[in-house]
Amino acid sequence: MQQAINALLIGISNGFIYSLMALALVLVWRSTRVINFAQAGQAILSTYIAFEIVTRTDNFILAFIGGVIAGALVGAVVEILLMRTLFKHVSDGPVAALAPVIASLGLLGLIRSIIGMVWGNDQKPFFPPVSTNGFTFGETTVPFSRMNLLIVLGAATVMIIFTLIFQKSNLGLALRAAAFQPEIARLAGVRVGEIRTIGWIFAGAAGAVAGILISPNDAITPYSLDSLLIFGFVAAVIGGLESLTGAVVGGLTLGIGLSFILTYIGTSLIFPATFVVLALVLLIRPQGLFGSKAARNA
Amino acid sequence: MNGLTVKDLVVDHGAITALNGISFTVEPGQLAAIIGSNGAGKTTLLRTLSGLKQASGGSAQWLGENILGKKPENLVRHGISHVSEGKSVIPELTVAENLALGGIWRKDKKDVAAVTNEVLELFPRLGERLSQRADTLSGGERQMLAIGRALISRPKLILLDEPSLGLAPLVIEQIFQTIDQLRHKLGLTIVLVEQNAMSALRIADIGIIINLGKIVATGTATELINDPALHAAYLGY
């Protein structure tokens with residue numbers, strides 16, 4: 001029983017991180033129909049910037065804010081400089097769908113190389129702002145630590161802010177309208193081009209939060225968020241790729257599921273299990289848990 | 001000053017010429033019915049006027065200002081609203097959100113609230129369904145929502161694409177009545193594209209019949225309705 005609760009708690013903590021990464025991927029997919037592999041690069045770059053700030057100032061909150069702002073800016077730069085140019089020049093044919101994905105893969109490599117040149121490719125210790133030792137209740141110590149609590153609270157806060165923006169503000173309405181029906185949104189007066197950039201900015205920020213929250217458990221390298229990209233992508237697909245709620249539920253499902261497998265079976269099954277979960281969900285509900293059935297022609 | 005003036009408009013669909021030199025004028029406050037069969041170029045005409053499609057030649061002016069090559073999100077700010085084909089609402093959003101979308105760019109939030117109330121008085125059924133998703137509405141209600149959303153931007157010119165598409169005859173009658181009332185009440189200029197020729201001409205001031213990208217007949221609605229040759233060829237009975 002104790003073991004099951006532990007698995008659940010760690011699963012929730014990891015799940016929130018996966019959810020953030022899934023949110024980032026879904027936001028970009030919804031706004032520009034691109035699967036952004038560079039999201040892992042954007043997130044690790046933001047994490048390195050946070051690492052740099054925390055090393056210099058010893059202030060995690062400042063580092064967090066700085067890293068998230070950097071993530072948002074990188075998102076904007078990638079959309080404006082790379083994606084807009086691509087969309088302008090390849091607007092037709094099979095290449096149009098593929099070019100941005102390939103470009104995002106290339107960008108992932110580019111960002112890693114830049115990080116390697118600036119910070120080196122060796123492991124850098126990202127010291128946690130709070131204890132990573134589990135909470136102790138009487139005699140028993142659980143694996144769930146203050147850092148895990150910070151992850152859950154931080155991720156939940158970001159999700160609440162996103163929910164408020166998306167459901168309650170005009171900006172959120174414009175973002176949703178542009179995602180569902182860009183043409184009708186334009187006819188209603190939404191500047192869809194600008195809204196797309198804002199989607200990338202939010203995605204960049206969400207990815208940065210994921211990277212900065214997960215890294216203090218471990219050392220960072222230019223590659224250390226690559227597996228997070230896979231978990232985030234699987235979580236996003238489980239959730240239907242279109243739905244923000246789906247991304248969160250998908251992330252939590254995956255996080256908790258993998259945590260139980262880790263606790264009761266072992267580490268070696270984590271990756272295979274991830275894809276088994278993905279395959280099962282897609283077999284039972286091909287549109288994902290929160291996707292709509294209707295094929296969309298966007 | 002002229003309302004909508006279209007001159008020698010040419011629009012291509014890839015290698016195919018969809019509109020081949022179209023010219024017509026709609027005076028402010030008039031309702032022009034654009035009639036023609038499937039593939040005649042009616043929808044292309046509206047999409048070009050609202051900025052969704054690029055023209056290859058010719059000109060189009062609204063109140064003396066060029067509107068070709070402008071983006072739809074800018075034209076709506078100049079009083080041109082396009083209600084596109086097939087109930088132009090966003091199914092995933094609620095009725096209230098679809099209406100709010102119509103006023104999203106407007107700074108005068110007081111007037112947005114006022115015009116939203118007017119729309120809800122005009123279409124009380126929408127008021128009863130504000131928190132429902134638009135895809136739960138009937139076809140007629142969706143068309144009302146699409147027109148209502150367009151009205152919230154306080155347009156002067158409405159481009160209306162086949163409002164009768166897929167609706168039951170009784171509902172079509174209602175929609176046309178509403179359009180007729182609206183334009184008199186609000187002094188709107190309307191370009192109405194329809195396959196349902198007689199219903200459209202009955203509320204129109206002028207009619208423009210298009211076939212294969214060219215205008216084959218224009219005239220007052222009454223003239224067109226009473227022209228036996230046109231009846232046989234284009235008006236269907």
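Modeller: The contact takes 15 residues from chain A and 20 residues from chain B. Two residues are in contact if their C-beta atoms, placed from the backbone, lie within 7 Å. This is a predicted model: local features need pLDDT of at least 70, side-chain atom pairs count only at pLDDT 80 or more, and totals for chains, interfaces and linings use all residues. Residues are numbered from 1 along each chain as its sequence is written, with chains lettered from A and ligands numbered from 1 in the order in which they are written.

Biologist: Which elements give two or more residues to the side of chain A that touches chain B?

Modeller: Helix 6 (170-180) and helix 7 (182-187) of chain A. Helix 6 of chain A has the largest share, six residues. Helices here are DSSP runs of H or I, at least four residues; strands are runs of E, at least two; both are numbered from the N terminus.

Biologist: How do the residues on that side of chain A divide?

Modeller: Eight nonpolar, three polar and four charged. Ala, Val, Leu, Ile, Met, Phe, Trp, Tyr, Cys and Pro count as nonpolar, Asp, Glu, Lys and Arg as charged, and the others, Gly among them, as polar.

Biologist: Switching to chain B. What is the strand order in the open sheet of six strands?

Modeller: The order is 6-7-8-3-9-10, with mixed pairing. Strand 6 (80-83) and strand 10 (214-220) of chain B are the edges, each pairing on one side only. Strands pair if DSSP finds at least two bridges between them.

Biologist: In which sense do strand 3 and strand 9 of chain B pair?

Modeller: Parallel, over four bridges, with strand 3 at residues 31-35 and strand 9 at residues 206-211. B:Ile34 has B:Ile208 as its bridge partner in strand 9.

Biologist: Now A:Ser224. Where is its place?

Modeller: A:Ser224 sits in the loop between strand 4 (219-220) and helix 9 (226-238) of chain A.

Biologist: Why does A:Ser224 count as buried?

Modeller: Because A:Ser224 has 20 C-beta neighbours inside 10 Å. Buried takes 20 or more other C-beta atoms within 10 Å of a residue's own, exposed 12 or fewer, and partly exposed is in between.

Biologist: What is A:Ser224 in contact with, leaving aside neighbours within four places in sequence?

Modeller: A:Ile44, A:Ser215 and A:Asp218. A:Ala40 is 184 residues away from A:Ser224 in sequence, yet 8.8 Å apart in space, C-alpha to C-alpha.
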